[in-house]
Amino acid sequence: MKAKKLIALSAIAAAFMTGNTIAKPYPVGTQLADKQEIVLNNGAEVTSIDPAKQAAEPAFNLGRDLFEGLTIQDKQGKTIPGIAESWQANDNNTVYTFKLRESQWSNGDPLTAQDFVYSWKRLIDPETASPYAWFAAIPGIKNSNKIMKGEASADSLGVRAIDDHTFEVTLEKPVPFFIKLLSHPVLAPVHQATIEKHGSAWTQPENIVTNGAFTVSNWKVNEKMVMVKNDKYWDADNVVLEKITWLPIGDANVALNRYLAGEIDQALSIPSAQKNKLLKKFPAQVADTSASLGSTFYYLNTDKGPTQDLRVRQALSYSIDRNIITKAIAKNGGIPMFTLVPPQTDGFKTHTPEFATWDQAKRNQQAQALIKEAGYGASNPLKLTFTVPTFSKDVKMATAMAGMWKSVLGAQIEIKQLEPKVFYALKDPGNISRGGWTADYNEASTWLDIFVSTGEYNDSKYDNPEYDRLMAESKSLSDPSAEYIAAEKLLIEDMAIIPMYRNGNDQYLIKAHVGGYERTNPESSYYRKNVYVMAR
């Protein structure tokens, strides 16, 4: 990507600022309700709302409302200005310069380039112990890898404040998708004085300082989090909602019952047994979710236990009937997958493994031969642990998969159910565990980087030097598609995971009086700054 293209992108981004992104989020003539409040379910309690401590989608979902980085995304997933109103790069695309808009923190302090310098250094500093520090190292910000390894000080990170409104980032090599990374919640700024004063308690309602469209007014763990509009937000005049109450309900049946009782304004995960009936009963409340860049898979521990054996891993993958899982169990629009990266990913060309071309009868037959060859049978049954969060859909899917493994392989599966907060923090997931990833940015490496040997989320403990080489080499190529295809082939040949399905179009329920919540973003990046309540 040439510098002039980036400058053009910057100009386009700046043009947005005089267009839709600073316009009111509702159509002309809309009658707004006097009370601009909604109640939503986040699906789980979060471990932290500190941008540097966020580690999974429930936390990212809240983070997008509380903190705003250099860029954000529109409803189609395009990069648009956030705190940076424009940007450009040098001739070889290794130095990026961002011009920041005049903005404030929720306590009235001015937000400056130094806030980004502090926040990005804090994110990657080993002392912070951020589960997402690796994200800052993906584009190869100068000295990032050395800092993560403890070989250099965080102060040497290639970021600097030229002045209060000019932030500069230096990369070690050109990375074509660098700008795509910047809307991720972990790269949002944090308020240094608040952190230094309150330490780990800085995110409590009485202490927190945010720069997003909302801030926290109340947080009762495992009960609710209440956000209120941040009047200091740079675009506060165009934020309509005054209050969001988030509930951490993991049971889809409970969430649905509260929706039907009028206590929640959105029901995203509808139990499959009731879904068709409810969609027909409430046609005015039915909304569509576009296919997102999400991939559901299951980790297989390649480091210890029976799943160390490639034949066992292959047998487990082959014997899963993905059509039954997607059509009869999940019923969420999922499309069966035999690889990791969704084929609609920008610039990615997938491959088709041989076993994906077989019918299920042949896959079962091959699985039985492999498990026998591995030494398992009636007198020595395969025994495995399968760890999943307590979400009802995950439990149902795990139960169905365990049934298939018992029927086809004679395997004995112990399903371990953990509260989501515990599951996301788990360091030893056992033999098999639920995985899944929604794109942090629209590029294949967002999935493939998970499985480098040092990957923070490599719960398969996958360690293949050739895979690591391919992914490292891909970072400096203008077209890394060949390396991506080769890496994914290795991952699937080594069967480090069981690919299950990718997201497809789906339907859910939302109260008819809630507007502006179109779920069209391919990375599932949603911002409640766009939402409003209509008069009933």
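**Ground rules**

I worked on a predicted model, so I took local features at pLDDT of at least 70 and side-chain atom pairs at pLDDT 80 or more, while totals for chains, interfaces and linings use all residues. I number residues from 1 along each chain as its sequence is written, and my side-chain values use heavy atoms, with hydrogens and water left out.

**Entry 1: salt bridges**

I began with charged pairs. Side chains of opposite charge can pair when their charged atoms come close. My criterion for a salt bridge was a side-chain nitrogen of Lys or Arg within 4 Å of a carboxyl oxygen of Asp or Glu. Searching the whole structure, I found 17 salt bridges.

I looked up Asp65 and Arg528, whose side chains meet in a salt bridge at 2.8 Å, N to O. Asp65 sits in helix 2 (residues 57–66) and Arg528 in the loop between strand 21 (514–515) and strand 22 (532–533), so this pair ties together parts 463 residues apart in sequence. For these elements I used DSSP runs numbered from the N terminus: helices are H or I with at least four residues, strands are E with at least two.

Are Asp65 and Arg528 buried or exposed? I call a residue buried under 20% relative accessible area, exposed over 50%, and partly exposed in between (1.4 Å probe, protein chains only). Asp65 has 1% relative accessibility and counts as buried; Arg528, at 0%, is also buried.

Next I took Asp449 and Lys475, a salt bridge with the closest N and O atoms 2.8 Å apart. Asp449 is in the loop between helix 15 (445–448) and helix 16 (465–474), and Lys475 is in the loop between helix 16 and helix 17 (481–493), so the pair links distant parts of the chain, 26 residues apart. Asp449 is buried at 10% relative accessibility, and Lys475 is buried with a relative accessible area of 16%.

Arg469 is partly exposed at 39% relative accessible area, and Glu473 is partly exposed at 33%.

I also noted a network of salt bridges that links Asp309, Arg311 and Glu373.

**Entry 2: strand 13**

How many residues of strand 13 (residues 294–300) are buried? I get 7 of its 7. In a regular strand the side chains alternate between the two faces of the sheet. Here both faces are covered: Gly294, Thr296, Tyr298 and Leu300 are buried on one side, and Ser295, Phe297 and Tyr299 on the other.

I then listed its partners, where two strands pair if DSSP finds at least two bridges between them.

- Strand 19 (residues 497–502) pairs antiparallel with strand 13 over 5 bridges, and Tyr298 has Ile498 as its bridge partner there.
- Strand 17 (residues 432–434) pairs antiparallel with strand 13 over 3 bridges, with Leu300 opposite Ile432.
- Strand 18 (residues 437–438) runs antiparallel to strand 13 and is joined to it by 2 bridges, with Trp437 as the bridge partner of Ser295.

I stayed with Ser295, which is buried at 3% relative accessible area. A polar atom of its side chain lies 2.7 Å from the backbone oxygen of Leu340. Leaving aside neighbours within four places in sequence, Ser295 is in contact (heavy atoms within 4.5 Å) with residues including Leu340, Pro342, Trp447 and Tyr501.

**Entry 3: the domain interface**

The chain is divided into domain 1 (37–244 + 513–533) and domain 2 (294–502), with bounds from an automatic or database domain assignment. Their centres, taken over C-alpha atoms, are 31 Å apart. I count 24 residues of domain 1 in contact with 21 residues of domain 2.

How much area is buried between domain 1 and domain 2? About 1900 Å², of which carbon and sulfur atoms give 61%; buried area here is the accessible area (1.4 Å probe) that two parts lose on being put together, summed over both. In domain 1, Phe177, Lys180 and Glu523 lose the most area to domain 2, together 27% of what that side buries.

Across this interface I found 1 salt bridge. On the side of domain 1 that touches domain 2, helix 4 (133–137) and helix 6 (178–181) are the elements that give two or more residues.

Methods
A polar contact is a pair of N or O atoms within 3.5 Å; within protein, one must be able to donate a hydrogen and the other to accept it, and residues adjacent in sequence count only if both atoms are side-chain atoms.
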